[in-house]
Amino acid sequence: MTTASQRQDAAPTNQALLRLPPEFTAREQGPFALPEVLVRLAGQGPVHQVAMRGDDPLWLVTGHEEGRALLTDPRLSSDRFRSPRLLARLPEPMRAQVLDPRARAGGFITMDPPHHTRYRKLLTGQFTVRRMRQLVPRVEQIVTEHIDAMIAAGPPADLVRAFALPVPSLVICELLGVDYADRGEFQERSARLLSLTTTVEEFGRLRDELRAFMGGLVRRKRAEPTDDLLSGLVQADPTLTDDELIGIANLLLIAGHETTANMLALGTFALLQRPEELARLRADPTLVDGAVEELLRHLSIIHLGLFRVTTEEVEVAGHVIPADSSVMISVPAANHDPRVFDRPDTLDVTRPRGPHMSFGHGVHQCLGQQLARVEMTVGFTELLRRLPGLRLAVEPGEVPLRTDMLIYGVHELPVAWDA
């Protein structure tokens, strides 16, 4: 089994995505503890200036209140490539990629108002309460079918491959109108796109392959629309170009399965390592809704942070951040801020719901958060109900962690249960 540290050691020097030194993603004190450097910095205050690789300066925000304030400040841009300083630091192949208007079309998470507002309004109209409610029975059916298959095959099983990855993948495929038989077309590529070891050349190739895959689907939806989100976008705004639809769909496809899959697997791992909390959930399944919020806060799988660029000088917590500065709001540190959360390093499934930042904050707050909650609530409930004695099939230290990825979690989770 390849360990996360081995993956990090094998990382190439021309990484496309890694910005912070590796100690910012290392989990020295265990898979559910914050990196030591974050703990140390957060103890010194809510705002810090640190150096990224290549000595590029970064303002790292570890405070909850300060992070929320900055995420709603219009002087902070989500479009890092409006910064001449950052563009100049990119290798030429990557610079050409990020400035390609066709490739950037529809990429609303890196846009600011008013461009972002247009896409957000369109997508909010598709992520309706009615559509989410209609999906609940289907989520329950998908979860049941995958647990049935696990029981039929018998223990042990890799929970990632058998359950945590396929469940949200199938849900987002049905929501978008993607044929689930094509999941191999996007799962492996999206995982590589989110890897901190991906090279500039590989990043461009993977992006182009995903665009080609989604382009074929967009053309089919224009010709023969069905009752899915992508068809709904086509009909809601006929002025949307193929490139815009491709960009929107790929963002939703990647975000819609990678994040929830890792929460299901890492959340199960965390519960199996906290027998008291696991026993509480088994004894009282009505605690699951709150447990989902607590797992989202405690695990904080966006383990680097939310990146922004200042368009003007900004003052926060007594620090003056100049214009054209890189800012990263650390979601894990903010979600463990003792000024907001009592005993923040403790997993407590009875904790009252608090203002965690795992779905972001402000205009870019996650569109699919209600769907993710449904998938996790149903998933955790049924795993604990139908797999008695659920436990790790390996020693905890043998579980490979995703410290080499933008989305934290586990690469595998071998489990067993009482057959």
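Strand 5 and strand 8 (residues 326–329) are paired antiparallel through four bridges, where strands are DSSP runs of E with at least two residues, helices are runs of H or I with at least four residues, and both are numbered from the N terminus. Two strands are taken to pair if DSSP finds at least two bridges between them. The model is a predicted one, in which local features require pLDDT of at least 70 and side-chain atom pairs are counted only at pLDDT 80 or more, whereas totals for chains, interfaces and linings use all residues. Residues are numbered from 1 along each chain as its sequence is written, and side-chain values rest on heavy atoms, with hydrogens and water left out.

Within this pairing, Arg 308 has Val 327 of strand 8 as its bridge partner. Strand 5 (residues 306–310) is also joined by two bridges to strand 3 (residues 76–77), again in the antiparallel sense. Here Leu 76 has Thr 310 of strand 5 as its bridge partner. Five of the five residues of strand 5 are buried, so the strand is largely enclosed by the rest of the structure; buried denotes under 20% relative accessible area, exposed over 50% and partly exposed the range in between, with a 1.4 Å probe and protein chains only. Leu 306, Arg 308 and Thr 310 point one way from strand 5, Phe 307 and Val 309 point the other way, and all are buried.

A further open sheet consists of three strands in the order 4-10-9, with antiparallel pairing. Strand 9 pairs antiparallel with strand 10 (residues 414–416) over two bridges, and Leu 392 stands opposite Val 415 in strand 10. Strands of a sheet pair through backbone hydrogen bonds, either parallel or antiparallel.

Among the helices, helix 14 (residues 242–272) comprises 31 residues and reaches 45 Å from its first C-alpha to its last, close to the expected 45 Å at 1.5 Å a residue; the expected span is 1.5 Å times one less than the number of residues.

A search of the whole structure finds two aromatic pairs. One of them is formed by Phe 32 and Phe 269, edge-to-face, at 5.0 Å centre to centre and 65° between the planes. Rings of Phe, Tyr and Trp (its six-membered ring) pair if their centres lie within 6.5 Å, with planes under 30 degrees apart counted as stacked, over 60 as edge-to-face and the rest as tilted. The pair links distant parts of the chain, 237 residues apart: Phe 32 lies in the loop between helix 1 (4–9) and helix 2 (36–44), and Phe 269 in helix 14. Phe 32 is buried at 9% relative accessible area, and Phe 269 is buried at 0%.

Arg 211, in helix 12 (residues 200–223), counts as buried at 14% relative accessibility. Leaving aside residues up to four places away in sequence, Arg 211 touches Arg 102, Ala 103, Asp 243, Ile 246 and Asn 250, a contact being heavy atoms within 4.5 Å.

The protein chain contains 18 helices and 10 strands. Buried residues make up 57% of its 419 residues.
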